[in-house]
Amino acid sequence: NSLKKRGIKDILILCSGGLTGIKEAITAAFPSTEQQRCIVHMVRSTLKYVANKDVKAFAKDLKTIYTVPDEETASNHLKTVTEKWEGQYPNAMNRWHDNWDAVSPIFKFSKDVRTAFYTTNAIESLNSSCRRLNRQRSVFPGSQALLKALYPATFEVVKKWTVPIRNWGKIRGELAVMLPREDARVTKKRRNAKSKYTPGLYERS
């Protein structure tokens with residue numbers, strides 16, 4: 001509800017690390033949201049049970065699960081990987097089986113589209129940058145003082161965001177087909193913009 005109060009009307013796809021209660025909270029506020037578990041989080045949580053000598057091989061096997069084109073193939077690979085390693089690491093694959101309903105939505109999308117939301121690394125990088133920028137001042141008199149420090153810090157962080165998402169045009173087109181409510185909303189905005197058009201206002205020199 002706090003997101004709604006801040007002006008967010010809809011969330012198309014939410015990638016999260018599995019914070020307790022987030023799925024239920026988002027479903028209550030935005031029932032049409034496609035929720036996806038962060039694949040990087042899944043891999044990390046699995047490999048923490050694995051000995052260093054087996055990490056590379058185990059990670060390679062995990063990749064055969066989340067890079068395949070469809071859920072049926074992924075499910076078969078999940079079973080194969082589990083059977084291969086459960087003797088040595090009986091608990092390692094539990095998270096995949098317990099959260100398969102939150103992992104499997106990714107297989108609805110093509111490989112190009114998946115790269116846009118398969119991980120929460122972007123927000124984690126932002127959080128890390130904010131902590132680094134404010135490391136010299138770890139104590140704040142109140143929440144407003146903290147916000148005043150984070151606000152300019154955020155502008156410093158986004159200056160580095162210069163690399164566009166690869167194949168964004170193709171990704172946008174596929175999402176428009178699979179999530180038509182977003183395409184309809186963009187079209188409506190464009191129509192409204194045209195109806196309010198003032199000569200010279202939207203042209204670039």
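Is I171 buried or exposed? Select I171 and see. I171 counts as buried, at 0% relative accessibility. Keep in mind on this tour that the model is predicted.

**Stop 1: the whole chain**

Zoom out before going further. Colour by secondary structure. The chain comes to 12 helices and two strands. Read from the N terminus, the elements run α-β-α-β-α-α-α-α-α-α-α-α-α-α.

Now show the surface. The chain's accessible surface comes to about 14,400 Å². Carbon and sulfur atoms own 55% of that surface. Of the 205 residues, 32% count as buried. Take the contacts between residues at least 6 apart in sequence: 59% of them join residues at least 24 apart.

**Stop 2: I171 and its surroundings**

Go back to I171, which lies in helix 11. Set aside its neighbours within four places in sequence. I171 is then in contact with D112, V113, T115, A116, I165 and R166. Draw a distance from I171 to D112, C-alpha to C-alpha. The two are 6.4 Å apart in space, yet 59 residues apart in sequence.

**Stop 3: K170 and D112**

K170 lies in helix 11 and D112 in helix 8 (residues 111-114), so the pair ties together parts that are 58 residues apart in sequence. K170 counts as exposed, at 53% relative accessibility.

**Stop 4: E174, a charge without a partner**

Select E174, also found in helix 11 (residues 168-178). Which side chain of opposite charge is nearest to E174? The nearest is K170, 6.3 Å away. E174 is buried yet has no salt bridge. A salt bridge needs the nitrogen and the carboxyl oxygen within 4 Å. Beyond its neighbours within four places in sequence, E174 is in contact with F109, S110 and V113.

**Stop 5: the largest nonpolar core**

Hide the surface and show side chains. Select F58, L62, I65, V81, M93, W96 and W100. These have the most contacts inside the largest nonpolar core, which has 28 residues. Several elements give two or more residues to this core: helix 3 (39-47), helix 4 (52-66), helix 5 (71-85), helix 7 (100-103) and helix 11.

Centre on F58. Which residues does F58 contact, leaving aside its neighbours within four places in sequence? The list is T46, L47, V50, V81, W85, Y89, A92 and M93.

A second core is separate and has five residues. Select I11, I26, A29 and F30, which are among them.

**Stop 6**

Side chains of opposite charge can pair when their charged atoms come close. How many salt bridges does a search of the whole structure find? It finds five. Two more follow.

Select D101 and K23. Their side chains meet in a salt bridge of 2.8 Å, N to O. D101 lies in helix 7 and K23 in helix 2 (residues 22-29), so this pair ties together parts that are 78 residues apart in sequence. D101 is partly exposed, at 47% relative accessibility. K23 is partly exposed too, with a relative accessible area of 36%.

Next, select K53 and D54. They form a salt bridge, and the closest N and O atoms are 3.1 Å apart. Are these two residues buried or exposed? K53 counts as exposed, at 67% relative accessibility. D54 is buried, with a relative accessible area of 11%.

**Stop 7**

Select Y151, F155, V158 and W161. Together they make a nonpolar surface patch of about 470 Å². Y151 sits in helix 10 (residues 143-158). At 58% relative accessibility, Y151 counts as exposed.

**Stop 8: R132 and A153**

Finish with R132, placed in helix 9 (residues 121-133). R132 is partly exposed, with a relative accessible area of 43%. Draw one more C-alpha to C-alpha distance, from R132 to A153. They are 9.6 Å apart in space and 21 residues apart in sequence.

Technical notes. Residues are numbered from 1 along each chain as its sequence is written. This is a predicted model: local features need pLDDT of at least 70, side-chain atom pairs count only at pLDDT 80 or more; totals for chains, interfaces and linings use all residues. Side-chain values use heavy atoms; hydrogens and water are left out. Helices (H or I, at least four residues) and strands (E, at least two) are DSSP runs, numbered from the N terminus. Buried means under 20% relative accessible area, exposed over 50%, partly exposed in between (1.4 Å probe, protein chains only). Lys and Arg count as positive and Asp and Glu as negative; His and the chain ends are not counted. Contact means heavy atoms within 4.5 Å. Accessible areas come from the Shrake-Rupley method with a 1.4 Å probe; for residues, only the protein chains shown count as cover. A nonpolar core is a set of buried Ala, Val, Leu, Ile, Met, Phe, Trp, Tyr and Cys residues joined through side-chain atoms within 4.5 Å. Patches are made of residues with over 30% relative accessible area and no salt bridge: like charges are joined within 9 Å, nonpolar side chains (Val, Leu, Ile, Met, Phe, Trp, Tyr) within 5 Å.
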